[in-house]
Amino acid sequence: MWTWFHRLASPPSFYRFADLCAPWFLVVSLALIVVGVYGGLVLAPPDYQQGDAFRIIYIHVPAAWMSLFVYTFMAVASVIALVWRIKLAEVAVAAAAPVGASFTALALLTGMLWGKPMWGAYWVWDARLTSELVLLFLYLGVVALNSAITDPRAAARAAALLALVGAVNVPIVHYSVVWWNSLHQGSLFKGGGSTITWSMLWPLLITALGFTLLFGYTQLMRMRNELLLRERGSRWVKELLST
Amino acid sequence: MSTHDFWSMGGYARYVWSAYGAGLLVLLWNILTPVLRRRSVLRELTEGDDGDKT
């Protein structure tokens, strides 16, 4: 197992692995998203309080889930990059930040589009909304640091440090609806059970899984691109380009 | 559910379809940008190799 990990962490074998897996991630992810969105828009019954407006949940919750999932992934990669100086982890941090930013922006935007008809306002300075906005700025900060520093390894260390410090915001976003009196509704999952009916829940789980696999696809593709650029002087890249 | 009911989304069409449209854009962005980036990286690297030789 560990030797397998070691081999995978070397750029050329990771490159081949990503080459092989990325298309499968994309195909399965798109299939899941299509099925989930069909279930959410057509099969699920309208909500007894919110009518059809609740269907925004099938974009909003998967996007919000991804905003936290990608950040956690990025924070773990940052620890590995800072402690063991593994190049692949540095590349992972740089590649994940714009993806996380896109999902966080989507969660905020769909939340606003949901808030307007239900709360009467696009935006309120509520704990959940504010901490999610801070999350977006953290992602953008990591993106900016990576592009502002020309030496990629120095940039990676600075970006990883910021990502790690910002990780305290992840539990704040997650528990904000519990810790503060929030306009935002609480978690759908309480005490092991779900608070919504199965016909509304399964499309949510399927789209969330689809979004997660889509992150897998785009992350593998982005890391591949970054590896080519950063390893341009090495033999494996030259061999790859000459064939 | 009729087609009209579906598109009108119980009067919330504006919000629901904007949210799904935004979702589609973010998905497409995440799918397409690495593919486009790959092309420009490959172009940059192969041109870089030519530069070294001359």
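Here is a short walk through a predicted model, one selection at a time.

**Stop 1: a pair of helices.** Select residues 57-84 of chain A, which is helix α3, and then residues 87-119 of chain A, which is helix α4. Their axes come within 8 Å and cross at roughly 155°. Angles over 145° count as roughly antiparallel, so α3(A) is roughly antiparallel to α4(A). Where the two touch, you'll find 21 nonpolar residues, seven polar and one charged. The crossing is left-handed.

**Stop 2: the loop joining them.** Now pick A:Arg85, in the loop between α3 and α4 of chain A. Most residues other than glycine have a negative phi. A:Arg85 isn't a glycine, yet its phi is positive, about 55°. Is this residue buried or exposed? A:Arg85 counts as exposed, because it has 12 C-beta neighbours inside 10 Å.

**Stop 3: the largest nonpolar core.** This core has 72 residues, and A:Ile56, A:Val93 and A:Ala96 have the most contacts inside it. Which helix gives the largest share? That's α4(A), with 18 residues.

Zoom in on A:Val93. Beyond its neighbours within four places in sequence, its contacts include A:Met74, A:Ala77, A:Val142 and A:Ala160.

**Stop 4: over to chain B.** Finish at B:Met9, in the loop between α1 (3-8) and α2 of chain B. B:Met9 isn't a glycine either, and has a positive phi of about 50°. With 20 C-beta neighbours inside 10 Å, though, B:Met9 counts as buried.

Note on methods:
Residues numbered from 1 in each chain as written. Chains lettered and ligands numbered in written order. Predicted model: local features only at pLDDT ≥ 70, side-chain atom pairs only at ≥ 80, totals over all residues. Axes fitted to C-alpha atoms, helices over the stretch in contact; angles between N-to-C directions. Helix = DSSP H or I, 4+ residues; strand = E, 2+ residues; numbered from the N terminus. Parallel < 35°, antiparallel > 145°, perpendicular 65-115°, else oblique. Left-handed = near helix turned anticlockwise from the far one by under 90°. Nonpolar A, V, L, I, M, F, W, Y, C, P; charged D, E, K, R; others polar. Core = buried A, V, L, I, M, F, W, Y, C linked by C-beta atoms within 7 Å. Contact = placed C-beta atoms within 7 Å.
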